Amino acid sequence: MKKKIMIIHTGGTISMSEDEQTGAVSPGERNPLTTIPLIVDSNIHIESHELFNLPSPHITSQHMLLLSKFIDQQVMEQGIEGFVVTHGTDTLEETAFFLDLTVQTRVPIVLTGAMRSSNEIGSDGPYNLLSSVKVAASEEAKNKGVLVVLNDEVHTAKNVTKTHTSNIATFQSPQYGPIGIVTKRGAFFHHSPVSEDKYRVDAITKNVMLLKAYAGMDSSIFHALKDMQVDGVILEALGQGNIPPTAVEGIKSLREANIPVVMVSRCFNGIVQDIYGYEGGGRRLKELGVIFSNGLNGQKARIKLMIALESTNNPDKLQELFLR
Ligand code: ASP
């Protein structure tokens with residue numbers, strides 16, 4: 001029996017072409033990836049499905065939910081044993097992490113994309129697609145959570161982030177590194193994730209905003225968010241988890257309105273902790289009921305809070321979830 005691998009296309013540069021006259025890169029009538037001969041192994045049966053054809057800045061949490069449900073359904077109904085999802089690189093890490101938290105199947109799920117469109121010199125799409133099929137078909141890729149494969153590296157959805165606007169080596173896992181490599185012979189893993197975090201969601205209904213702290217930030221934006229009655233706020237705080245004193249009043253008002261505030265750091269590496277006791281320092285923020293996150297970046301903390309809020313907005317429970 002051949003192993004059944006499904007490629008799900010969602011769009012992005014990997015599915016786009018460059019206009020020779022204008023140089024503009026955009027989606028066309030036909031997805032160029034569907035014409036690539038993918039010869040990986042005669043024991044693999046590949047089928048393709050075009051779920052969306054969207055640039056990834058057009059992807060919303062509703063698309064992510066639909067994709068998550070589609071994957072679980074394909075495993076149940078078609079017995080698919082591995083998935084490759086092609087996606088624009090701009091929000092790829094958010095969709096990857098959404099799937100990591102919500103998909104129930106344990107079969108390998110690999111997201112990939114490209115930095116150069118299909119007809120540009122040095123196009124990386126077909127190569128990344130081929131590498132991703134190798135990973136999705138490998139036995140070792142099972143039980144490692146959702147993976148992201150580009151440029152011969154395997155990353156976890158939890159740690160990977162887009163680090164460069166145009167370089168093909170854009171996807172990196174700051175602090176942790178990739179968990180495997182892809183070679184001509186296949187995928188080789190050198191690390192395994194230590195934990196798993198799963199949720200069952202039927203709908204995504206909450207409005208969660210993401211803000212970045214800066215020197216001299218005041219409270220006005222927090223008051224505006226309170227007036228908008230948002231469901232939650234992610235704050236990319238300074239350093240180990242501190243904010244300017246002028247922003248404290250705003251955080252206080254969000255907490256008084258029972259709006260959860262989750263703090264991550266705007267630093268590229270490290271986690272936030274309640275270390276500093278001065279006005280605006282982490283210790284004071286903890287006393288105000290700010291939730292400390294465990295190393296996620298801002299955009300992924302937002303995905304996690306949206307998902308978590310579907311089952312609870314209890315601050316203690318949320319704090320427990322954000323330590324996972
Ligand atoms: N702007 C593109 C997108 O995310 C970038 C890419 O796919 O690499 O759809």
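Asn-31 sits in the loop that runs between strand S3 (25–27) and strand S4 (44–50); strands here are DSSP runs (E, at least two residues) and helices are DSSP runs (H or I, at least four), numbered from the N terminus. This is a predicted model, where local features need pLDDT of at least 70, side-chain atom pairs count only at pLDDT 80 or more, and totals for chains, interfaces and linings use all residues. Residues are numbered from 1 along each chain as its sequence is written, and side-chain values use heavy atoms, with hydrogens and water left out.

**Exercise 1.** Work out whether Asn-31 is buried or exposed, and find its side-chain polar contacts.

*Solution.* 
- Step 1: Asn-31 has a relative accessible area of 3%, so it is buried (buried is under 20%, exposed over 50%, partly exposed in between; 1.4 Å probe, protein chains only).
- Step 2: Its side chain makes a polar contact of 3.2 Å with the side chain of Ser-15. Another, of 3.0 Å, goes to the side chain of Glu-50. (A polar contact is a pair of N or O atoms within 3.5 Å; within protein, one must be able to donate a hydrogen and the other to accept it, and residues adjacent in sequence count only if both atoms are side-chain atoms.)
- Step 3: Skip neighbours within four places in sequence, and Asn-31 is in contact (heavy atoms within 4.5 Å) with His-9, Ser-15 and Glu-50.

**Exercise 2.** Which residues does the UniProt "binding site" annotation cover, and where do they lie?

*Solution.* 
- Step 1: The unreviewed UniProt entry lists Ser-56, Thr-89 and Asp-90 (positions follow the numbering used here, feature names are shortened, and annotations may be inferred rather than shown by experiment).
- Step 2: They span 35 residues in sequence, yet no two of their C-alpha atoms are more than 6.8 Å apart, so they gather at one spot.
- Step 3: Thr-89 is in the loop between strand S5 (82–86) and helix H2 (92–102), and Asp-90 also lies in the loop between S5 and H2.
- Step 4: Thr-89 is buried at 6% relative accessible area, whereas Asp-90 is partly exposed at 43%.
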